[in-house]
Amino acid sequence: MASDTIRIPGIDTPLSRVALGTWAIGGWMWGGPDDDNGVRTIHAALDEGINLIDTAPVYGFGHSEEIVGRALAEKPNKAHVATKLGLHWVGEDEKNMKVFRDSRPARIRKEVEDSLRRLRVETIDLEQIHWPDDKTPIDESARELQKLHQDGKIRALGVSNFSPEQMDIFREVAPLATIQPPLNLFERTIEKDILPYAEKHNAVVLAYGALCRGLLTGKMNRDTTFPKDDLRSNDPKFQKPNFEKYLAAMDEFEKLAEKRGKSVMAFAVRWVLDQGPVIALWGARKPGQVSGVKDVFGWSLTDEEKKAVDDILARHVPNPIDPTFMAPPARD
């Protein structure tokens, strides 16, 4: 059975293989922020044994990082922080904000300094490029991050949503400790290339969307709807007729999990962990949404359960939809 902790090169402490994802805590595209609840959610995650918090400046345009900084200041030395950079935004308010990719060296240095201030730390444990910027050479971005790493402002470097070819370019300039792509029972394209790449190059995968934006919580039904400012209102998975197909698969996943004596959330996240050197990001914005994280640890799916998962998907979702709708545009 795989260990329930993992090490990221550059970070001394063994890390829990479930990390808290804080996009929703930032509020943007999730119905607005609730700061006190956000702090309580982070504290609840710590109580569940999570010691890695993943955030980003673009999650609420700095707000998620501020809430993470506030929560960890109230409980110091309890967790490590992974954040990101490389997205720029313009606009007067969240409803009209436009986000685009920008990994130019000057932008990188500014974002690192801003993140240090918001997170209330002197060193960022893990800094990741959020999306590849096709208009900035990857080696330039990597070189700037390596300088910040050597300056002691960053302990470990990672990338998110990069292809193997892009990661090869990055690795020629700077050490690559982590890779952050989407991975869950319904979004599995990284099995073909990213997971083998991570294993070959001793990188840890931070799998985002492990609960598929709430779909794998088992709390949705055919009458579930989402307001216009909710990310899922633009996700094809949550629109008819696709939604019914995914919910039909969910019904069977729940029965499979019940046979194992687990919640469907714990079953889904454990499946993610069983794919390789993976940390699963468990997104939440309310304390109750991290209840049950401990049920993920101390077991693994059997070969028969893994085959049953594949059979369910083949019958109900033979053509799964990738989360490409979330990709931000390049700079003009």
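## Gln180 and its neighbours

Let's start with a pair of side chains: Gln180 and Gln128 make a polar contact through them, at 2.7 Å. Keep in mind as you look around that this is a predicted model.

Where does Gln180 lie? You'll find Gln180 in strand β10, which covers residues 178–180. Is Gln180 buried or exposed? Its relative accessibility is 1%, and buried means under 20%, so Gln180 counts as buried. Leaving aside residues up to four places away in sequence, Gln180 touches a whole list of others, including Asp54, Lys84, Val159, Tyr208 and Leu281.

## Helix α8

Now hop over to helix α8, made of residues 242–260. From the first C-alpha to the last, this 19-residue helix reaches 28 Å, close to the expected 27 Å.

Which residues of α8 are buried? They are Phe243, Tyr246, Leu247, Ala248, Ala249, Met250, Phe253, Leu256 and Ala257. And what do these buried residues pack against? Their partners are two other helices, α9 (264–273) and α10 (303–316). Here's a handy thing to know when you look at a helix: with 3.6 residues a turn, residues three or four places apart point the same way.

## A cavity inside

How many cavities of 30 Å³ or more are there? The count comes to one. The largest cavity holds about 40 Å³ of space.

Its lining is made up of Ser103, Ile129, Trp131, Pro132, Asp133, Thr136, Ile138, Ser141 and Phe162. Sort the lining residues by type and you get five nonpolar, three polar and one charged.

Notes:
Residues numbered from 1 in each chain as written. Predicted model: local features only at pLDDT ≥ 70, side-chain atom pairs only at ≥ 80, totals over all residues. Heavy atoms only, no water. 1 Å grid on protein atoms, 1.4 Å probe; cavity = no way out; pocket = protein on both sides within 12 Å on 5 of 7 lines; lining within 4 Å. Points joined across faces, edges and corners; volume = space filled by probe spheres on them. Nonpolar A, V, L, I, M, F, W, Y, C, P; charged D, E, K, R; others polar. Helix = DSSP H or I, 4+ residues; strand = E, 2+ residues; numbered from the N terminus. Expected span 1.5 Å × (residues − 1). Buried < 20%, exposed > 50% of the residue type's maximum accessible area, 1.4 Å probe, protein only. Contact = heavy atoms within 4.5 Å. Polar contact = N/O pair within 3.5 Å; in protein donor to acceptor, adjacent residues only side chain to side chain.
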